[in-house]
Amino acid sequence: MELDERKRRILEAIIKNYLETGEPVGSRTISKYTDLNLSSATIRNEMADLEEMGYILQPHTSAGRIPSDKGYRLYVDHLMEEKEREVSEREREVSEMKNILMERADKMDQLLQQMAKLLAVNTNYATMITAPKYNRNKVKFIQLSKVDEEKLLAVVVIDGNIVKNTIINVEEEIDNETLLELNMLCNTSLNGLTLNEINLAVISKLKEQAGVYRSIVGSVIDAVAEAIMVDDLEIYTSGATNIFKYPELSGQKRAQELLTTFEEKEALSDLVNQTAAENDYGIQVYIGKETPIQTMKDCSVVTATYELEEGVKGTIGIIGPKRMDYEKVMNTLKTLKAELDMIYKKS
């Protein structure tokens, strides 16, 4: 059986009406909702065909129908095709996002927490944002400077212009000339190397060249290793209680499972890792059973990957009912992703 234009338009009307009301949609509603000028009997026949094709289903004995996962998938794919070239940005949301991004650009954790809250408020769904993950980072620059007579500050800059600061205790004051020599030695020996490339041979040679200052060089190497090492994935969430706004998700057991998922975050880490594997850079939509998290099989999850610099990426996600406003969610994610990309690539 072919999904012709009339069936497609009726299916779209069913989905849009269900997204707005959350109630099963009947043929009389569709006849008023669309400009097809079809009788209720004709629409009923088309709805029966759509049900047989798996695009809609009848949850109860009433005449009303709701979209199936297959129906949502067709609708979302069509939306994504339409939005491929250009997304209409909501001026107020863009302005808010820009202000927050500029204000907190130097404090990534606070920035991402605020963005998660803003997303939750704007969408009325649950949201998550991961901190950017750095893989195969290389040392770009090392700077040793005096704090006082007994302390040095080691500033390590790695790929992505990520800066890590470490305090190094020294037994006696180091003069400026020696400090300059240590800076040159560390940068000449370590710049451009990954953690795997800083092997025992490199370390031994560097310490030998440092002579009596080998302990300081050892502390610098430790600081470099800490800076480069990939930390556990940091995930910021917000709006988990928004799920109570949707009857299909607000049952005690189902809601509790979803809240636990947001609190423990282990499953969210798995979702992020799968998203990265399936869609390196862009938007991914999981509908119902497509979602890799068992507790979210009755939800839809939309994720986007943002990139601060090459190899420095994070994930934004929005979780809601299957009848979520996909168009608004995808527009919001594309807007936020573009703003993050633009702000950090200019900085």
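Among contacts in the protein chain between residues at least 6 apart in sequence, what percentage join residues at least 24 apart? The share is 60%.

1. The model is a predicted one. Its protein chain holds twelve helices and eleven strands. Of the 347 residues, 47% count as buried. The chain exposes about 18,300 Å², and carbon and sulfur atoms supply 45% of that area.

2. As background, the strands of a sheet pair through backbone hydrogen bonds, in either a parallel or an antiparallel manner.

3. β5 and β6 form a hairpin, with two residues between them. Eight bridges join these two antiparallel strands, and Ile142 stands opposite Val156 in β6. Strand β6 (residues 151-158) is likewise joined to β7 by eight bridges, again in antiparallel fashion. Here Ala154 has Thr166 of β7 as its bridge partner.

4. Helix α9 in detail. This helix has 15 residues and reaches 21 Å from its first C-alpha to its last, close to the 21 Å expected at 1.5 Å a residue. Its buried residues are Ile216, Val217, Gly218, Val220, Ile221, Ala223, Val224, Ala227 and Ile228. An α-helix has 3.6 residues a turn, so residues three or four places apart point the same way. The cover over the buried residues of α9 includes β5, β6, β7, α7 and α8 (200-210).

5. The largest nonpolar core. Which residues have the most contacts inside the largest nonpolar core? They are Ile10, Ile129 and Tyr326, in a core of 50 residues. The elements that give two or more residues to this core are α1 (5-21), α3 (40-52), α4 (69-82), α6 (108-123), β9 (283-287), β10 (299-309), β11 (312-321) and α12 (326-346). Helix α1 supplies the largest share, seven residues.

6. Leaving aside residues up to four places away in sequence, Tyr326 touches Tyr72, Tyr75, Val76, Leu79, Val285, Ile287 and Ser300.

7. Thr241. Is Thr241 buried or exposed? Thr241 counts as exposed because its relative accessible area is 52%, and the cut-off for exposed is over 50%. This residue is placed in the loop between β8 (235-238) and α10 (252-264). The C-alpha atoms of Thr241 and Asn124 are separated by 9.5 Å, although the two residues are 117 residues apart along the chain.

Definitions and conventions
Residues numbered from 1 in each chain as written. Predicted model: local features only at pLDDT ≥ 70, side-chain atom pairs only at ≥ 80, totals over all residues. Heavy atoms only, no water. Helix = DSSP H or I, 4+ residues; strand = E, 2+ residues; numbered from the N terminus. Buried < 20%, exposed > 50% of the residue type's maximum accessible area, 1.4 Å probe, protein only. Contact = heavy atoms within 4.5 Å. Areas by Shrake-Rupley, 256 points an atom, 1.4 Å probe, with all protein chains shown as cover. Pairing = 2+ DSSP bridges. Core = buried A, V, L, I, M, F, W, Y, C linked by side-chain atoms within 4.5 Å. Expected span 1.5 Å × (residues − 1).
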